[in-house]
Amino acid sequence: GIAKELVVSIDNGLEEIDTGLSKNAKVLSETGLTGEEAEATLTENLLDNPWAISSLVISKEGVVVTAAPKNYEEIVGTDLSWQSQVEKANSEQVPIVSDVFTMAEGFTGISQSYPIFSSFGDYLGYTDITYKPDVFLGRQVKPVIGETPYDVWVAQTDGTLLYDTK
């Protein structure tokens, strides 16, 4: 039914983002985590996801080393190692979708991240893309429920409301 379709739609949306981040991580492992090529890689992925807010590269030490779009470049050099989602991404070194939190960029959102490894398999840090959960979920939910009489709300496991069609 509709519930199953919603799960499939949301999973597909997360998978699309993960695929873009995976490509970015592969490019960054070759070009390095900073510089024009790194910025161009992040910018290109943001253009593929125009509803997203920003994209960062965070070193294994937890420092922002590259940021896109340009209006976020002032956070380059910021140590975010104290943030739980940065700690988690750097310790687990696997693709992660964070809980909702207040971002260094100043808005409440989600960070979806992907680890970056060197060609020798050394962990270098990770790249992410940030977005507002209600914007992402709206893109995945509205086409499924369309003109049906259903209302949908989505909450985090801690009860934080992420999305509501009402």
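I began with the lining of the largest cavity, and in this predicted model I found it made up of eight nonpolar, four polar and two charged residues. That lining has 14 residues, and those I noted as lying nearest the centre of the cavity are Leu56, Ile58, Gln83, Phe101 and Asp128. For the space inside this largest cavity I wrote down about 70 Å³.

Next I asked which elements each supply at least two residues of this lining. They are strand S1 (54-59), helix H3 (84-92) and strand S6 (123-131), and I noted that S6 provides the largest share, with three residues.

I then checked how many cavities of 30 Å³ or more there are, and the count came to two.

Turning to the second largest cavity, I recorded about 50 Å³ of space, with a lining formed by Gln85, Lys88, Ala89, Ile96, Ser98, Ser111, Ser113 and Tyr126. Two or more residues of this lining come from H3 and likewise from strand S5 (108-117), while H3 gives the most, namely three residues. Sorted by class, I have three nonpolar, four polar and one charged residues around this second cavity.

Definitions and conventions
Residues are numbered from 1 along each chain as its sequence is written. This is a predicted model: local features need pLDDT of at least 70, side-chain atom pairs count only at pLDDT 80 or more; totals for chains, interfaces and linings use all residues. Side-chain values use heavy atoms; hydrogens and water are left out. On a 1 Å grid over the protein atoms alone, a cavity is a set of points where a 1.4 Å probe fits but cannot get out, and a pocket is an open set with protein on both sides within 12 Å along at least five of seven lines; lining residues have an atom within 4 Å of a point. Grid points are joined across faces, edges and corners, and a volume is the space filled by probe spheres set on the points. Helices (H or I, at least four residues) and strands (E, at least two) are DSSP runs, numbered from the N terminus. Ala, Val, Leu, Ile, Met, Phe, Trp, Tyr, Cys and Pro count as nonpolar, Asp, Glu, Lys and Arg as charged, and the others, Gly among them, as polar.
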